[in-house]
Amino acid sequence: MSLLEISGLSLSYGSSQALFDVNLEIAPGEVVALMGRNGMGKTTTVKAICRMLPSQGRLVFDGQDLHRLPSHKAARLGIGLVPEGRRCFRDLTVRENLLATARPGDWGLEEVEALFPRLGERDSQRAASLSGGEQQMLAIGRALMTNPRLLILDEATEGLAPIIRQEIWAAIARLKRDTGMAILLIDKTLRELQQVSDKAVIIERGKTVWSGDMAALPADVSERYVGV
Amino acid sequence: MIGERYLNLLVLAALMAVPLWALAADEPFTITLATRAVILALAAVGLNIALGMGGLVSLGHAVFFGLGGYAMGILASHAQSYTPLELFGLTIEGTKSMPVIWLTAIIISALAAWGIGLLSLRTSGVYFIMITLAFGQMFYYFAISWSAYGGEDGLSIYVRNGFPGLNTLVPIEYFGLCFAVLCLALLLNARLQGSPFGLALNAARQVPARVETVGLDPMRLKLLAFVLSGAITGLAGALFADLNRFVSPTMFSWQLSGELIVLIVIGGVGRLMGPVIGACLFVTLEHWLGGITEFWHVFLGAILLLIVLFARGGIVGLLTGKEGPHV
């Protein structure tokens with residue numbers, strides 16, 4: 001049974017339609033890469049999943065229709081979002097950022113700081129004073145503290161130094177290996193996505209144009225819709 | 001620069017020392033001034049939960065201050081006239097007991113904050129300021145026309161209400177009681193700031209949309225903060241009315257709501273001792289400059305201007321060298 005089922009998803013920003021027919025399924029423990037060029041509807045799909053924008057179509061998480069739920073209740077079902085642009089709580093310290101969102105489960109302060117030791121070293125530092133990479137780690141840690149069953153990472157390595165990107169990809173690989181967490185990944189680096197993802201879904205102009213095993217992704221499809 | 005913890009202790013010690021000195025020097029009026037500062041600080045500590053932690057710029061907090069005052073005035077006036085209060089078919093005896101009056105003030109203010117919060121928290125920014133101001137004006141004009149309890153002239157209570165084991169008519173004893181209540185409110189505030197609720201509220205103030213995606217309901221967080229805030233300000237209103245033994249519609253006035261905001265901004269928004277420092281400075285200026293010129297508010301305005309321009313963390317931020325939350 002799928003953890004997340006999306007079919008025929010459509011969404012409009014006022015009179016401008018952004019999503020037409022998005023189809024996507026994620027099973028428990030599966031890592032799925034959501035791919036496509038800029039402006040094709042990847043982040044909008046994530047916003048629809050998190051109920052940040054109203055949408056139509058089938059949107060079911062663990063048997064529950066997400067369309068019936070406000071954003072915070074959808075998150076409480078077990079959807080953890082690491083948003084594009086990090087959006088940490090700037091005035092709170094690293095520790096406070098993590099504790100503000102904590103919910104009971106396997107992931108606590110200790111586990112997050114073990115995954116990202118840099119966060120442990122900057123425990124009492126304000127989020128605003130962290131580097132971009134550290135803020136990204138904090139955003140991932142904050143989502144993990146909610147003990148999600150589905151973790152959504154929207155451009156988690158964008159604009160970061162290569163060494164920090166490596167750390168984040170290593171953490172994602174560790175999450176896949178050591179936890180039963182499903183992960184939905186949006187990123188522009190195909191090589192890393194191929195290494196860590198089980199499946200791929202490609203979106204073009206608000207429609208799912210290809211989905212299947214990542215290993216079976218044809219080079220011409222990738223070239224045509226993702227540009228690499 | 002001084003550590004914030006040391007500064008907090010220093011402020012409390014100074015606030016306690018002034019009336020003790022006044023007692024030794026036989027200056028009872030100074031004790032009354034200190035009591036007034038403590039009560040205003042308590043009202044502002046309440047508002048600081050909504051303003052500092054929740055980012056809610058409420059220009060209607062005088063509603064809760066006034067409700068607390070009128071809770072005291074109505075209960076005490078019925079007790080002093082030996083006539084029961086008829087309310088919705090219920091007969092309620094008046095009382096001169098402070099704990100009962102405080103509880104009533106807290107419950108009524110909390111209920112009013114819940115109702116006002118439910119409506120006004122649907123808005124934000126300038127609309128929130130305006131809607132809370134509108135509620136304040138509604139209560140103000142209602143009190144003016146409420147002739148059963150003095151209308152515009154207000155309501156006098158002849159003898160201060162009683163607290164078990166204390167003679168509240170002795171200024172230093174009433175100061176001690178108010179100071180103890182302020183310390184409890186500060187303790188609650190300090191615990192709240194570090195609690196999961198306080199952190200979540202702080203997060204909701206900074207990025208409301210983002211807290212929803214981590215499973216928190218910002219509306220619920222802010223409503224709870226508003227109710228807590230209103231309840232504490234209501235308790236301060238009951239103490240203020242008992243200090244003056246007088247209640248009037250001015251307790252509901254928007255100027256009072258504004259003054260509470262001003263003293264928090266001067267002391268430090270979101271800082272534990274911000275409201276206390278602001279209230280002490282306010283009462284000192286009111287007494288000292290007020291004796292020199294009736295236009296003393298001009299000097300208060302100048303101080304506010306300097307702080308807003310050059311010390312965003314208020315006096316606490318200035319002394320500790322740390323910036324406050326960005327409200």
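Helices here are DSSP runs of H or I with at least four residues, and strands are runs of E with at least two, numbered from the N terminus. On that basis, chain A of this predicted model has 9 helices and 10 strands. Its radius of gyration is 17 Å, close to the 17 Å that the globule rule gives for 228 residues, so chain A is as compact as a globular protein of that length.

**Chain A as a whole**

Along its principal axes, the C-alpha trace of chain A spans about 45 × 40 × 35 Å. Of the 228 residues, 56% count as buried. How much of the contact set with a separation of 6 or more comes from residues 24 or more positions apart? In chain A that share is 67%.

As for the surface, chain A exposes about 9,700 Å², and carbon and sulfur atoms supply 46% of that area. Charges come as 28 positive and 28 negative side chains, with the centres of the two sets lying 5 Å apart.

Let's start with Thr45(A), which sits in helix α1, residues 42-49. Is this residue buried or exposed? Thr45(A) counts as buried because its relative accessibility is 0%, and the cut-off for buried is under 20%. Its side chain reaches back to the backbone oxygen of Gly41(A) at 2.6 Å. Leaving aside residues up to four places away in sequence, Thr45(A) touches Leu9(A), Leu19(A), Val22(A), Leu34(A) and Ile203(A).

Glu155(A) is a loop residue, placed between β7 (150-154) and α7 (162-178). Which side chain does the Glu155(A) side chain meet in a polar contact? The partner is the side chain of Lys188(A), at 2.9 Å. Lys188(A) also turns up among the residues that Glu155(A) touches, together with Lys42(A), Glu84(A), Gln136(A), Ile186(A) and Asp187(A), again not counting residues up to four places away in sequence.

**Over to chain B**

Pro218(B) is found in helix α9, which covers residues 218-244. With a relative accessible area of 10%, this proline is buried. Its contacts, not counting residues up to four places away in sequence, are Ala204(B), Pro208(B), Val211(B) and Glu212(B). Thr95(B) is another story: 123 residues separate it from Pro218(B) along the chain, and the two C-alpha atoms are 39 Å apart.

Most residues other than glycine have a negative phi. Against that background, Arg205(A) has a phi near 50°, a positive value in a residue other than glycine. Asp26(B) likewise shows a positive value, with phi near 55°. Where do they sit? Arg205(A) is in the loop between β9 (199-204) and β10 (207-213) of chain A, while Asp26(B) is in the loop between α1 (4-24) and α2 (28-53) of chain B. Arg205(A) is exposed, because its relative accessible area is 61%, and the cut-off for exposed is over 50%. Asp26(B) counts as exposed too, at 64% relative accessibility.

Here are the relative accessible areas of the residues discussed above.

| Residue | Relative accessible area | Class |
|---|---|---|
| Thr45(A) | 0% | buried |
| Pro218(B) | 10% | buried |
| Arg205(A) | 61% | exposed |
| Asp26(B) | 64% | exposed |

Definitions and conventions: Residues numbered from 1 in each chain as written. Chains lettered and ligands numbered in written order. Predicted model: local features only at pLDDT ≥ 70, side-chain atom pairs only at ≥ 80, totals over all residues. Heavy atoms only, no water. Polar contact = N/O pair within 3.5 Å; in protein donor to acceptor, adjacent residues only side chain to side chain. Contact = heavy atoms within 4.5 Å. Rg over C-alpha atoms; globule rule 2.2 N^0.38 Å. Buried < 20%, exposed > 50% of the residue type's maximum accessible area, 1.4 Å probe, protein only. Areas by Shrake-Rupley, 256 points an atom, 1.4 Å probe, with all protein chains shown as cover. Lys, Arg positive; Asp, Glu negative; His and termini not counted. Charge placed at Lys NZ, Arg CZ, Asp CG, Glu CD.
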